[in-house]
Amino acid sequence: MLNSLSVVFVVMTLANFMSLVIFGSLRHAAIPGVGRWMAANVLAIAGMVLYALRDVSPNFLLVILSNALFCFSIVQGYQGCRQFCLQPPATPGPYIAVVLAMAGIGYLNNGRQDFGARVIVFSIFFVCMYAAMGRLLWVHRKPERPFYAYGFMLGVLAVGVLASAARGLTFAIGVAHQKTLLLPTTLNIVFVFTLLLVLPALSIGMVMLAHDNMTERLEHWVNQDELTGALTRRGFFAKLHAVIKQTSQASGVFSVAIVDLDHFKSINDQYGHAMGDLVLTRVGQLIVSSLREADVFGRLGGEEFVIMFPGLHRREAASRLEALRVGLRDDFARTQDDAVPVFTFSAGVDEYRVGEPMENLMHRADTALYAAKAQGRDRVVSADQVPAEPREAPDAGAADTADPAWIRSTIRADD
């Protein structure tokens, strides 16, 4: 019959097996580290099976091979975390550590028969590996992602470090005295249960990291425009809502500009849509390279873009847009390639007024954009340069070209 500790081994083995099944379902997603994590679960399951079958296993198989499997399982988990964090594999350090640990345990098992010394060696190895894994995840965590998965992993690793260190310490100072791993004493049951619980808990944490990676990909696909690298309309307005809330609470300032490529429809008509896509891609690259890290770049649709400048007043944002306009026009002019059309953009910009709805800000920037179009295109216009109220035309035959309503009615949709 299996005793209580053997039952714990069986339960933990089943937990690792379930994690292995979940990881198998994620293989097609090409998530970095999943293959290593699957290998770690296979090794952990094999090690637990050997311990659960200790009554029929030779001593060498029980002590040396099972410990080696556990050690390599942790190494594979660590390498998987490095791969997940887009770091190169750590070699040969962890594998040398496994070899040294196994050599020490083999010597102590066949030579001195000192179980306590074996536990100390084993504990030192696990403390080092858990600590290295925790440091890796802490340093390379993604601040923009929810902390939950990383926090769970760091918590489990902290428990692993503390439990391994405490267990090794109890043998080092002579508090614990035993000659077999599965001695059913209270202290031993607590240590073994805790350390065995860490392994499937780490597998769960790895599944959580993989799930967060998939969620991040989906969010990227939904919120990122593949052609230009800009945020989609949905992604940009989500950012804008967040900045409005933050600005209102902190009495800050930011500006928004709407940018529209001039005569873009004629580029598609004359050169084809493939050239239009090439132009949009190049525009996206040039805009992204010219913005600050804090700036937010989005695509409203077609050839219309939007840029948010946190911390900048209207005039400052207009000045940056003017430099961008000249730089983008000159970049295309320098290509000296008749196959690539030279084009320009028009932009309207205004700053946020605390307490107003987002629609008001966008409307003023949009009105300034149409004013830029009406004034000849290839220019940046601030909202304060456009009359706030429409004025009557001087006579029945001539409309006021500063009237936003007249501007909208006279600008063609393909401009």
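Which residues form a nonpolar patch on the surface? Phe17, Met18 and Val21 do, with about 290 Å² of accessible area together. Patches are built from residues with over 30% relative accessible area and no salt bridge; like charges are joined within 9 Å, and nonpolar side chains (Val, Leu, Ile, Met, Phe, Trp, Tyr) within 5 Å. Areas follow the Shrake-Rupley method with a 1.4 Å probe, and for residues only the protein chains shown count as cover. Met18 lies in helix α1. Its relative accessibility is 49%, so Met18 counts as partly exposed. Buried denotes under 20% relative accessible area, exposed over 50%, and partly exposed the range in between (1.4 Å probe, protein chains only).

The model is predicted: local features need pLDDT of at least 70, side-chain atom pairs count only at pLDDT 80 or more, and totals for chains, interfaces and linings use all residues. Residues are numbered from 1 along each chain as its sequence is written, and side-chain values use heavy atoms, with hydrogens and water left out.

The chain contains 13 helices and five strands. These are DSSP runs numbered from the N terminus: helices are H or I of at least four residues, strands E of at least two. Of the 415 residues, 49% are buried. The accessible surface of the chain is about 20,200 Å², and carbon and sulfur atoms hold 61% of that area. Among contacts with a separation of 6 or more, 69% join residues 24 or more positions apart. A contact requires heavy atoms within 4.5 Å.

Strand β3 is mostly covered, with five of its seven residues buried. Strand β1 (residues 254-261) runs antiparallel to β3 and is joined to it by seven bridges. Pairing requires at least two DSSP bridges between the strands. Ala257 has Ile307 of β3 as its bridge partner. β2 also pairs with β3 in the antiparallel sense, over five bridges. There, Gly298 stands opposite Val306. Two residues separate the strands of the β2-β3 hairpin, where Gly302 takes a positive phi near 60 degrees.

Glu303 sits in the loop between β2 (296-301) and β3 (304-310). Glu303 is buried but has no salt bridge; Lys373, the nearest side chain of opposite charge, is 6.4 Å away. Lys and Arg count as positive, Asp and Glu as negative; His and the chain ends are not counted. Beyond neighbours within four places in sequence, Glu303 contacts Val259, Asp260, Leu261, Phe264 and Leu280.

A salt bridge places a side-chain nitrogen of Lys or Arg within 4 Å of a carboxyl oxygen of Asp or Glu. The count by this rule is 15. Lys373 pairs with Asp262, with the closest N and O atoms 2.9 Å apart. This pair links distant parts of the chain, 111 residues apart: Lys373 is in helix α12, and Asp262 is in the loop between β1 and α9 (264-271). Lys373 is buried at 5% relative accessibility, and Asp262 is buried at 4%.

Asp384 forms a salt bridge with Arg315 at 2.8 Å between the closest N and O atoms. Asp384 lies in the loop between β5 and α13 (404-410) and Arg315 in helix α11 (residues 314-333), so the pair ties together parts 69 residues apart in sequence. Salt bridges with shared partners join Arg314, Arg315, Asp350, Glu356, Arg364 and Asp384 into one network.

The peptide bond from Thr91 to Pro92 is cis, with omega near -5 degrees. Ala30, which is not a glycine, has a positive phi near 55 degrees.
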